[in-house]
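Me: Could you walk me through how to read a model like this one? I'd like the general idea each time, then the case at hand.

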Amino acid sequence: MEIRFDGKKALVTGAGKGIGRDTAKALVKCGAEVFALSRTQEDLDSLVQEYPGIHPVQCDLGDPEATKAVVESVGPIDLLVNNAGITILEPFLEVTLDAFEKVMNVNVRSVMQVSQIVAKGMVERGSGGSIVNVSSLASKCALKEHTSYCTSKGALDIMSKVMALELGPHKIRVNTVNPTVVMTDMGVKVWSDPVKAGPMLARIPLGKFVEVDDVVHAILYLLSDKAAMVNGASLPIDGGFLTS
Ligand code: NDP
């Protein structure tokens, strides 16, 4: 199954590291013109060094005004991957308002805002489009110390379904991917302790964590016309975790 995006413009958020970075590269390889948005300029510089055709877009999605100005300046987009996300671990009884707001701000508010700007353009041009929101298995099952993160990803899943419902008539599809642990910087921060990782791994029938490419391939599929009738779906990438 060959997937091509020739002539399409793609915006990937959180493209400086991890899943977002490899998604941006994969989209270039599939022929898309890619706008890579991230917070740390050095990450964008090294990405552009690797792939000179990529347009770097520096923005802190935690800042709503900067987000509006920067995303509006990017111009028409056909394919959007809302990938940027953060996590802050705290036991439920110790969750701080500051941490809760920070996580919800990036993981939910910024996705709503970026998608709104991009989707308004798609609707005005009548071009249709495809949006993939990078959620998590944490939206489907409770994880200790993940109150803010689980809540944000649960909100992201249902927001994505509302988007799919309202934007579908404009030929804009919206889906989520929901991976379990991926050993990116974020994955290492949360799961490198074998005491935590062991029980998690034991619940995955395929017996391993997810590779970045497993997520990237699912994103490419959902963005593409191969998924022309897939809309409002949340796709677990979990080696079967949810079966048990
Ligand atoms: P990483 O931490 O490796 O990379 C996240 C990227 O997002 C970084 O480039 C980071 O930039 C950027 N980013 C974070 N906050 C902002 C912000 N406010 N503004 C702009 N860019 C920002 O994470 P992953 O690649 O692992 O995660 C990507 C997505 O996948 C996230 O939504 C995450 O929740 C989800 N996910 C991850 C899993 C995992 O186990 N790793 C499992 C399931 C889902 P900077 O470093 O400069 O802050």
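Me: Before going on, what are the ground rules?

Reply: This is a predicted model, where local features need pLDDT of at least 70, side-chain atom pairs count only at pLDDT 80 or more, and totals for chains, interfaces and linings use all residues. Residues are numbered from 1 along each chain as its sequence is written. The protein chain averages a pLDDT (the predictor's confidence in each residue, from 0 to 100) of 97, and 100% of the residues score at least 70. For the complex, the predictor gives an ipTM of 0.99 and a pTM of 0.98.

Me: In what sense do β4 and β5 pair, and over how many bridges?

Reply: Strands of a sheet pair through backbone hydrogen bonds, either parallel or antiparallel. Here β4 and β5 pair in the parallel sense, over 4 bridges.

Me: What is the strand order of the open sheet?

Reply: The 7 strands run β3-β2-β1-β4-β5-β6-β7, with parallel pairing. At the edges are β3 (55-58) and β7 (234-237), each pairing on one side only. Inside the sheet, β1 (residues 9-13) and β2 (residues 33-38) are joined by 5 bridges, and V12 has A36 as its bridge partner in β2.

Me: Is L79 buried or exposed?

Reply: Count neighbours: 20 or more other C-beta atoms within 10 Å of a residue's own means buried, 12 or fewer exposed, in between partly exposed, with C-beta atoms placed from the backbone. L79, found in strand β4, is buried because 25 other C-beta atoms lie within 10 Å.

Me: And why is β5 largely enclosed by the rest of the structure?

Reply: Because 6 of the 6 residues of β5 are buried. G129, I131 and N133 point one way, and S130, V132 and V134 the other.

Me: Last one: which residues come nearest the ligand?

Reply: Near means that the C-beta atom, placed from the backbone, lies within 6 Å. Of the 28 residues around the ligand, G14, G16, G18, T40 and G85 come nearest. The elements giving two or more residues to that shell are α1 (18-29) and α6 (185-191).

Note on methods. Two strands pair if DSSP finds at least two bridges between them.
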